[in-house]
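Dear colleague,

I am passing on the structure below, together with some notes on what turned up in it. Please have it open while you read.

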Amino acid sequence: MARTAVTIKDVAREARVSVATVSRALNGHDNVAEAVRQHVIATADRLRYQPHAAARSLSSRRTQTIGVVLPDLYGEFFSELIRGIDQVARAHRQHLLVSSYHGLPEEQGEALRAMRGRVDGLLVLSPYSERPGFLTDNLPSSLPAVLINTNLPGTDYPVLSIDNYGGAMAMMGHLIATGHRRIAFICGPENNFDARERLRGYRDALKKGLPGAAPWELPGDFDEASGYEAAKRILQAEDRPDAVFAANDMMALGCLYAFNQAGLRVPADIALAGFDDIPLARFVHPTLTTMKVNIAGLGGGAMQCLLRSIDAKDPVPAASQTLVPELMVRDSSGPPQPKPEPTRR
């Protein structure tokens, strides 16, 4: 004998609340006391209530789905970002539809257009686009969207960003204050806004803190392999730098691996620093000095902003929020050690 499906009325009767309260609680609306929300959710779970997605979409004209468009899905940065987005989404009973254009700017529009009609709102991280039309050309103007770490002058969309320039300046200030005078920098991708801002911070801090010092810049691509290759170039140099500042932690870890292979001690022989504070940075040896970005918090904050925009009856005014990274001084950036005197016969 087939089991009768549990309805929203069954949940309301069991929880001793109205059907409207059950609906608001399960759909993540704010006008429900948290204790009531948890009671309703627990009751629904106990009864194994499964909302009818199609019927709910027809009645509310919502898909209960949020689109997330990222330049890539590889690496701990994007893993942490999605984790933060998903935590808020789950708390509000929202689903995620995630797409990536794999770092290829020309495929960005295709990824955006794939979201049409499928989502209630959109989170977009695009370090490659600086023209206002990249969203409006590909999406209906009625679709709420929030930009993450995206440089888009004059945009009508809310933007949550990282202070990449200020973070790079702070890291350079730490390395200079620690006593390092020859500081190499491993760059990120040339067409990436974050990478350009961190490079600008490196250059300006060098001019300010070490007037006359020549920049030492090496190419990188925000992955471990490019950090490893940059380290090999440093190892081949006749006069190595005192310290290496990598534009992100993934490149710093690739660099650390190359130094370890070569028998170079960090920081006794050469100091090392990164940017982002991915979880792995605390568990390598030596622990990595870096600029801490609350990556999961960045994703969660963007998701909360988007949900407010979706629920608002009137358009939410565009606003920018900049997250300031925190300097995390660990073992990898100790002061330079005096070089041993050559032995005399």
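**Strand pairing, core and helix packing**

Ala 184 stands opposite Val 244, which belongs to strand β8. Please keep in mind that this is a predicted model. The two strands concerned, β6 (residues 183-186) and β8 (residues 243-246), pair in the parallel sense over 4 bridges, and they are part of an open sheet of 4 strands in the order β7-β6-β8-β9, with parallel pairing. At the edges stand β7 (216-218) and β9 (271-273), each with a single partner strand, so one side of each has no neighbour in the sheet. On average, neighbouring strands of this sheet are turned by 20° against each other, direction ignored. Helix α8 (residues 164-178) lies across β6, β8 and β9, and runs at about 170° to β8.

The largest nonpolar core has 68 residues, of which Leu 81, Leu 123, Ile 183, Val 244, Phe 245 and Phe 259 touch the most other members. Leaving aside residues up to four places away in sequence, Ile 183 touches Met 172, Leu 175, Ile 176, Tyr 202, Leu 210, Trp 216, Ala 243 and Phe 245. Another core, of 17 residues, lies apart from the largest one and includes Met 115, Val 119, Leu 147 and Tyr 157.

Elsewhere, helix α2 (residues 19-26) packs against helix α3 (residues 34-47) at an angle of about 95°, with their axes 9 Å apart, which makes α2 roughly perpendicular to α3. Residues making this contact include Val 22 and Leu 26 of α2 and Val 40 and Ile 41 of α3, and by class the contact has 7 nonpolar, 1 polar and 2 charged residues.

With best wishes

Conventions: Residues are numbered from 1 along each chain as its sequence is written. This is a predicted model: local features need pLDDT of at least 70, side-chain atom pairs count only at pLDDT 80 or more; totals for chains, interfaces and linings use all residues. Side-chain values use heavy atoms; hydrogens and water are left out. Axes are lines fitted to C-alpha atoms, for helices over the stretch in contact, and angles run from 0 to 180 degrees between N-to-C directions. Angles under 35 degrees count as roughly parallel, over 145 as roughly antiparallel, 65 to 115 as roughly perpendicular and the rest as oblique. Contact means heavy atoms within 4.5 Å. Ala, Val, Leu, Ile, Met, Phe, Trp, Tyr, Cys and Pro count as nonpolar, Asp, Glu, Lys and Arg as charged, and the others, Gly among them, as polar. A nonpolar core is a set of buried Ala, Val, Leu, Ile, Met, Phe, Trp, Tyr and Cys residues joined through side-chain atoms within 4.5 Å. Buried means under 20% relative accessible area, exposed over 50%, partly exposed in between (1.4 Å probe, protein chains only). Two strands pair if DSSP finds at least two bridges between them.
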